[in-house]
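Take a look at the structure below. This report walks through some of its salt bridges, a helix and a sheet.

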Amino acid sequence: MSLELDRYWLLTWTTYGTWLPGDRRGFVSEHRDADGDKILHNRPTEPYDADDAALRRYAEFRMASDAFRLEVEQADALVEQFRETADFRGWSLFAAAVMSNHVHVVVGVPGDPEPELLLRDFKSYGSRRLNRRFGKPTSGTWWTESGSRRKLPNEQAVASAITYVEQQRSPLATWSITEASGGCQPPGDALLEVRRAKRVEPVTGRLTPAARPVERSGGANPTGSHRPLAGDDWKPAICLERLRKRALAMDAVREFFRSRGYLEVDTPILSHDVVVDAHLDPFTTRFRPEPGVERDELFLQTSPEFHVKRLLCALAEDQDPPAGLWQVSRVMRQGELGRWHQPEFTMVEWYGLGDTYVEQMAFTEELVAAVLEAVSEKEQIDRPFDRLAYDEAFERHVGSRVLELHVAALAALAERHDVTPPAGLEDRDGWLNLLLTTLVEPKLVRPTFVFDYPDSQAALAKVRDDRPPVAERFELYWEGIELANGYDELRDVEELRRRNAEQNAVRRREGLPPLPGESRLLAAMEAGLPACSGVALGFDRLFAVAVGARSLAEVVPFPFERA
């Protein structure tokens, strides 16, 4: 290991009210490091005396509220936030371990910032992540006021600190960088190693993986700046073994569609038209027919949907049409960067002619199974996949149906489950999405189709006139991650015009520019869109889950940070 930054630190802090964990690996009083800074945790060879009366009195004086312990999902969220904080600040995170009552972090930094600032940033950004997902604890704060800052003056000290963090007993979540030693790991001087704790189910005692939290958007390095990684960021982030498996996965996709009579198509990435969605922000550019002359604004596509549907309209009079059309696309979306988001990613999208969205759930399950059979590093998953109507999913995991609830009732439901909303949340769909992402999605560990969404979230799907009305669409989740999104496709051109106008109105309210309301798709639909159901599947996400990866950055050759 070669040290290229200016300062290295081992930071430690505790949860509020738990300075006496009782496992003899906790915290001592009145130790000082070489710089005279007070440290409040033990050295690896010096467990504290749990019966130390002075320490007990000090803890009781400092912390008046009941003790609480971090859980697996909270620990997982913290580790992810530590990585994002380090990327955002331009630091290097070497190791992190979250136990039920304390946290260790090994970090390298450029320059010579005060260690209290490092500690403050990790604690405050960690608190924000926990507050958003889980609400504030009864004490009102997650952490004790202070913490330990131990300077690591040389390579040996850094390596010892990483080992110390890696060897913590019973961690809920860990993340570490160690010397590369072969296998399928990121290249270069450092490899990423993630070890997830197992939890015991209280009834059966069977060990099961902890559920992964879901990150919707945003994420690491939100400034968008490019930070070199120790001089080797020219290398791909994926190893050769996974690169080969990725090719096998795509081969399996192509063979699947070929065997079912679908025609593969190839449509433009650059277009005058784009899907109109309040929550999808496209990249834009301008065509220059000659230097210094700019003409039309063009959009990099967020989905191949508009073009493939135009092809479907052209096929309406074909005497021998294929079973459907499909495409593998590179698509691009602004504002999406994080564990399960990249601004540019691979999408597999298809449309089954004459199919309903219910039939396409079965088709999607078969496709996923084909990819798993080709490349999976997991045990065989149970089939058939679970199917839950949107309201049923809420009833099972939240204890209440929501389709007929108004904003006040949704806000009360969030409060009952200690979900803290972002400031200014007022619209009903915003509340529904908050409850879905925080209370329902993380519990969808088995492959699960959620279907019949609120009619206000129909997008380009048909609405069925039930009581209450529902959108005939579905999403497929696995391990809490959304993998696919399917619709029984809207064919009413005037309704699409109305929805485009509605989505643009939302964009204007949120300060986003409107997107073209009129398009060649509308003209094609006036000629006639045949009955069909379409599905968009995130290929990178499916491959990541299939091979047990922890983020998209581990399964694409050049993620955004290295592109």
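## Salt bridges

Glutamate 518 and arginine 497 join their side chains in a salt bridge (2.9 Å, N to O). A salt bridge here is a side-chain nitrogen of Lys or Arg within 4 Å of a carboxyl oxygen of Asp or Glu. Glutamate 518 sits in the loop between α11 and α12 (520-527), and arginine 497 in helix α11, so the pair ties together parts that are 21 residues apart in sequence. Helices (H or I, at least four residues) and strands (E, at least two) are DSSP runs, numbered from the N terminus.

The whole structure, a predicted model, holds 31 salt bridges. Arginine 507 is buried, at 0% relative accessible area, while aspartate 281 is partly exposed at 24%. Buried means under 20% relative accessible area, exposed over 50%, and partly exposed in between (1.4 Å probe, protein chains only).

## One face of a helix

Which residues of helix α9 are buried? In this helix (residues 407-416), they are Leu410, Leu413 and Ala414. Seen down the axis of α9, they fall within an arc of 100 degrees, so they line one face of the helix. The arc is taken from the directions from the helix axis to the C-beta atoms.

The buried residues of α9 pack against α10 (428-440). On the other side of α9, Ala408, Glu415 and Arg416 are exposed. Just after α9, aspartate 418 has a positive phi of about 55 degrees.

Strands pair if DSSP finds at least two bridges between them.

Three bridges join β13 to β14 (residues 297-300). Threonine 284 stands opposite phenylalanine 299 in β14.

## Confidence and method

The average pLDDT, the predictor's confidence in each residue from 0 to 100, is 80 for this protein. In all, 78% of the residues score at least 70. Over residues 18-67 the pLDDT is below 50.

Residues are numbered from 1 along each chain as its sequence is written. In this predicted model, local features need pLDDT of at least 70, side-chain atom pairs count only at pLDDT 80 or more, totals for chains, interfaces and linings use all residues, and side-chain values use heavy atoms, with hydrogens and water left out.

Methods
Contact means heavy atoms within 4.5 Å.
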